[in-house]
Amino acid sequence: MNIFRLAGDVSHLVAIIILFLKIWKSKSCAGISGKSQVLFALVFTSRYLDLFTVFISAYNTIMKLVFLVLSYATVYLIYMRFRGSYDSENDSFRVEFLLVPVTGLAFLENYAFTPLEILWTFSIFLEAVAIMPQLFMITKTGEAESITTHYLFFLGLYRALYLANWVWRYHTEGFFDQIAVVSGVVQTIFYCDFFYLYVTRVLRGSGKMSLPMPV
């Protein structure tokens, strides 16, 4: 495993932990898109169906379990334990606009027309757009708490590091996963405006940040 892959995994884990602790400690999920979190839970579920049938390494298995547990725990906090603070009115992105085309692409573009491969491809495509309800919610409300922006920063950093990982693997191993790379590039593009605003506003002391995004 190269340093970019490891750093990407750590950034991904840090993002999920930041969000979970934010909700748990504040006892509030205000400003958090429950729809995005459901989509991420669906991403992990469809991607890790081979968890108990294919063993790659202890590290791989543990990370899969952690991501699954934390994603569903976050969904539980939003929709069950702290549902009174959930802003369903502003979390209004139409997720069917993501699920329908992503499902269609998974059937059309995959490496093998088998259930596990189609679901893996579905998870890759869905992850690329799963953050859109959260970005849409920030745009609709006009601001985001700094802790939420930290979560988004580390999530975006994870994707950027994975792009570096794929470049590294291509040059050292000749490995190239077209589906994962294209989806990763698309997902990283969604974060471009956010990265700029994060650095210019949040890191310079502003408690909240607005995120203009065309929808």
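Does Ile3 count as buried, partly exposed or exposed, and at what relative accessibility? Ile3 counts as exposed, because its relative accessibility is 59%. The scale runs as follows: buried means under 20% relative accessible area, exposed means over 50%, and partly exposed lies in between, with a 1.4 Å probe and protein chains only. This is a predicted model, in which local features need pLDDT of at least 70 and side-chain atom pairs count only at pLDDT 80 or more, while totals for chains, interfaces and linings use all residues. Residues are numbered from 1 along each chain as its sequence is written, and side-chain values use heavy atoms, with hydrogens and water left out.

Ile3 lies in helix H1, residues 3–26. Helices are DSSP runs of H or I with at least four residues, numbered from the N terminus.

The side chains of Arg5 and Asp9 meet in a salt bridge, at 3.3 Å from N to O. A salt bridge is a side-chain nitrogen of Lys or Arg within 4 Å of a carboxyl oxygen of Asp or Glu. Arg5 and Asp9 both sit in helix H1, 4 residues apart, about one turn of the helix. Arg5 is partly exposed because its relative accessible area is 25%. Asp9 is buried, at 6%.

How many salt bridges are there by this rule? The count comes to 6. One of them pairs Glu127 with Arg47, at 2.7 Å from N to O. Glu127 lies in helix H5 and Arg47 in helix H2, so this pair ties together parts that are 80 residues apart in sequence. Glu127 and Arg47 are both buried. Glu127 also meets Arg159 in a salt bridge, at 3.6 Å from N to O. Arg159 lies in helix H7 and Glu127 in helix H5, so here the tied parts are 32 residues apart in sequence. Arg159 is buried, as is Glu127. Through shared partners, salt bridges join Arg47, Glu127 and Arg159 into one network.

Now turn to the empty spaces. Rolling a probe the size of a water molecule over the atoms shows where empty space is left. The search uses a 1 Å grid over the protein atoms alone: a cavity is a set of points where a 1.4 Å probe fits but cannot get out, a pocket is an open set with protein on both sides within 12 Å along at least five of seven lines, and lining residues have an atom within 4 Å of a point. Grid points are joined across faces, edges and corners, and a volume is the space filled by probe spheres set on the points.

The largest pocket has a volume of about 940 Å³. Its lining holds 35 residues, and Arg5, Arg47, Tyr48, Asn60 and Trp120 lie nearest its centre. H1, H2, H3, helix H5 (115–129), H7 and helix H8 (178–190) each give two or more residues to this lining. By class, the lining of the largest pocket has 17 nonpolar, 8 polar and 10 charged residues. Here Ala, Val, Leu, Ile, Met, Phe, Trp, Tyr, Cys and Pro count as nonpolar, Asp, Glu, Lys and Arg as charged, and the others, Gly among them, as polar.

The second largest pocket holds about 230 Å³ of space. H8 gives the most to its lining, with 5 residues. By class, this lining has 9 nonpolar, 2 polar and 1 charged residues.

What volume does the largest cavity have? The answer is about 80 Å³. Among the residues that line the largest cavity are His12, Phe40, Thr74 and Tyr151. The lining of the largest cavity has 7 nonpolar, 4 polar and no charged residues.

Finish in the loops. Lys27 lies in the loop between H1 and H2. Lys27 has a positive phi of about 55 degrees, although it is not a glycine.
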